Amino acid sequence: MRFYLNEKEFIETDFPIDLSIGIAENQTLSAWYVTPPKMEVVRENGFLGSVEEGGDVNFRSIWFNPHGHGTHTESCGHITKEIFSVNKVLKTYFFRALLISLQPEEQDNGDRVITIPSLPKGINVEALIIRTVPNSEQKITQNYAETNPPFLALEGIKVLNEHGIKHLLLDLPSVDKEKDGGELAFHHSFWEVPQNNRLDRTITELIFVDDATQDGEYILELQLAPFENDASPSRPILYAISTLN
Ligand SMILES: [Zn+2]
């Protein structure tokens, strides 16, 4: 289907670009040292939740961690005493977005730091999507434990604020350094916690943007599983913006 954004621009919903990494049993993708997700057949009171084993239906209970096991979106409830539900704070789902590719800079101590550059003048987007380079499908299966993944330089907040960016998406497990003594400086600054808890801002982590998708402006559709929790598995989708001649 074709949807017009205005008199000139449109998107085609038949060509979604899915940025999500799903959650599977025994997957290797992991962040924050969590063990793999489990999907267990329910066997209670004579009930058997496996067709293969003779049950009527497949009926499995799932254990997973939204922050450690796949693409997820989180609210400031990630770092506040009150667990603000991301499912409650995200109220609209389509946003103008800019995809940029950034190369982390290696510091003497081994840290790889990403600086958010100034965005093109006059650009009007609510979401910024960061693809780190080098980019490879390894991001789909990576176990991030003990890897000190790249993270964002705090100065980038200035650029986000200047452009009123509400939704930040990236292909890393966190915007902050993995072991920063609990400081979480970028998280606090972006969400203005504790002085002004920005319930209108979200961070989406562990996305994957394949190389076929070029940097530039898109329409982002950001949908999540309706868990009432600080974070929930999500499916960010991009749609290319076309222009009538
Ligand atoms: Zn997270």
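I'll start with the ground rules, then go from overall shape to single residues.

This is a predicted model: local features need pLDDT of at least 70, side-chain atom pairs count only at pLDDT 80 or more, and totals for chains, interfaces and linings use all residues. Numbering starts from 1 along each chain as its sequence is written.

Overall shape. We have 3 helices and 18 strands. These are DSSP runs, numbered from the N terminus: helices are H or I with at least four residues, strands are E with at least two. The C-alpha trace spans about 65 × 50 × 35 Å along its principal axes.

Next, contacts. Two residues are in contact if their C-beta atoms, placed from the backbone, lie within 7 Å. Take contacts with a separation of 6 or more: 73% join residues 24 or more positions apart.

Burial. Buried means 20 or more other C-beta atoms within 10 Å of a residue's own, exposed means 12 or fewer, and partly exposed is in between. Of the 245 residues, 30% are buried.

Now the core. A nonpolar core is a set of buried Ala, Val, Leu, Ile, Met, Phe, Trp, Tyr and Cys residues joined through C-beta atoms within 7 Å. The largest has 42 residues, and Ala97, Ala127, Leu128, Ile129 and Leu168 touch the most other members. Strand E16 (216-224) is among the elements supplying at least two residues each. E16 gives the most, with 5. Beyond four places in sequence, Ile129 contacts Ala97, Leu98, Leu99, Leu169 and Val209.

Last, Ser136. It sits in the loop between strands E12 (127-132) and E13 (151-152). Ser136 is exposed, because 11 other C-beta atoms lie within 10 Å.
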